[in-house]
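Trainee: Before we go through the terms, may I see the sequence together with the model?
Mentor: Here they are.

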Amino acid sequence: MKQLPQQLSDHADNQRKPLDVGERTAPPSPKLPLRKIAYLTAGIATFLLIVWAFRPAPVLVDIGRVERGELQVTVDAEGKTRVSDRFVITAEADGHLARILLSEGDPVTAGMVVAQIDPLTLNASVQEAIGRLSEWRAQRAGVATQRPKAATIEQARTRIRAAEARQQQAEARVIEVQAALAQARRDRDRAQQLEAAGAIARKDREIAELNETTKAKELEAAILAAKADASEVEVARAALAVVQQEQSDPDYLLRVYDARIASTEAELSKLRDEAGRTDIHSPVSGKVLRIRQKSAQFVTDGTPLLEIGNPNKLELVIDVLSSDAIKIQPGNPILLDQGSDQSSKPMPAQAKVRLVEPSAFTKVSALGVEEQRVNVIGDFVDSPQSFGDAYRVDTKIVIWNGKNILKTPMSSLFRCHQSAWCVFVVENDKAHQRQIVIGHRSDREAEVQQGLNQGENLILHPTEQIKEGMQVTSR
């Protein structure tokens, strides 16, 4: 408060002070307070912090490399092992099966008895068939007693001959009487003429007429006798035909008994064969793979009892899609997966394709889609010590193999321009899209035919966030 008048007086004195000609007044030098300098510094720092915070940050990506090496194109599928020569031993006859004493894994030799069926029932059936056969043979032998004797047939033939002789005699008698009648008629005519002339008496004429009448009656009797004798011939011939028919009637019985005997002999042969097959033998040497019927029970012919094979002789059965099967050829290597407890890489080739079955089959996938699949049969190169029968195995069937191939990871590829393939190449920490041409490809890598060079870095699993020229950095 005390300085204010002083300052005002000074200001007044300055206004009243005259200026010299030629004297210039210098402008006062600007002086900023320390508080303003602090505010300005804070503002600049804040601005720089905001610029740094909102600048585009590099995108974190996985980076792979274009390399040269071996490339294998495979068909990946699940398969299983099976014994190459599997023998299913079945019951060879109906009967009561004794309990099988073998167990899975037991060794067997060729010809060894592996199962038995009680033969008692079959032996009884054999004896019954033998009895029926004897019965049919005896009845067939008795058919001969039903035939007429040879003497009976000869007697019938003699009767025919006698009847024919009597018929001939009767026919001769008819001819004789006819001649006598003709003579009697001529005598009658002559007697009538003589009587009319008065040459003979009436009595002689009447005797001539009576003689004619008598001869006519004799002719009728002779004709009737001839007919009777002819009838006797027919009767005798009919009797011979009956005897001859009786002679051939038993022939059909012979055919009936022959058929019955043949049928019984066939049945007896079958029963004897079955009775001899109650001991069931192993056809080969190997091991018991599976027992179908362990306990004692009644079985019928053809019932599966057990399976035998050599577990050291295995083959692979791999079912693949029919679209993949056309790419597979006999001789292609098969790679086997070791499992999750070892390296993720497949084992060296241990099997080769022997056969691609010519016929496909329909199989429903886990998603419920019907697929046409084909079995691929493979043979192990070495004895598979770690595998057994019906083991599940993941396989890779090599359909193409190349050495010193320029390749890129499949995860770096994406579609561009509708049908082309592109990648993002990392150059100076920036992503640059490049179109390439690929050839063979597996599930992990693809052959690069054009567009990339060895050693170039690529972005793996590119997303829509990555654009041309964008800053990127490895994770």
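Trainee: Which residues touch the most other members of the largest nonpolar core?
Mentor: Leu316, Ile318, Val320, Ile334 and Ile397 do, within a core of 19 residues. This is a predicted model, in which local features need pLDDT of at least 70 and side-chain atom pairs count only at pLDDT 80 or more, while totals for chains, interfaces and linings use all residues. Residues are numbered from 1 along each chain as its sequence is written, and side-chain values use heavy atoms, with hydrogens and water left out.

Trainee: What makes a set of residues a nonpolar core?
Mentor: The members are buried Ala, Val, Leu, Ile, Met, Phe, Trp, Tyr and Cys residues joined through side-chain atoms within 4.5 Å; buried means under 20% relative accessible area, exposed over 50% and partly exposed in between, with a 1.4 Å probe and protein chains only.

Trainee: Which strand supplies the largest share of this core?
Mentor: β11 does, with four residues; strands are DSSP runs of E with at least two residues, helices runs of H or I with at least four, both numbered from the N terminus.

Trainee: What makes β11 mostly covered?
Mentor: Seven of its eight residues are buried.

Trainee: How do you know that β11 and β15 pair?
Mentor: Pairing asks that DSSP find at least two bridges between two strands, and β11 and β15 have seven, in the antiparallel sense, with Glu315 opposite Asp379 in β15.

Trainee: Why is Leu40 called exposed?
Mentor: Leu40, in helix α2 (residues 34–54), has 54% relative accessibility, and therefore counts as exposed.
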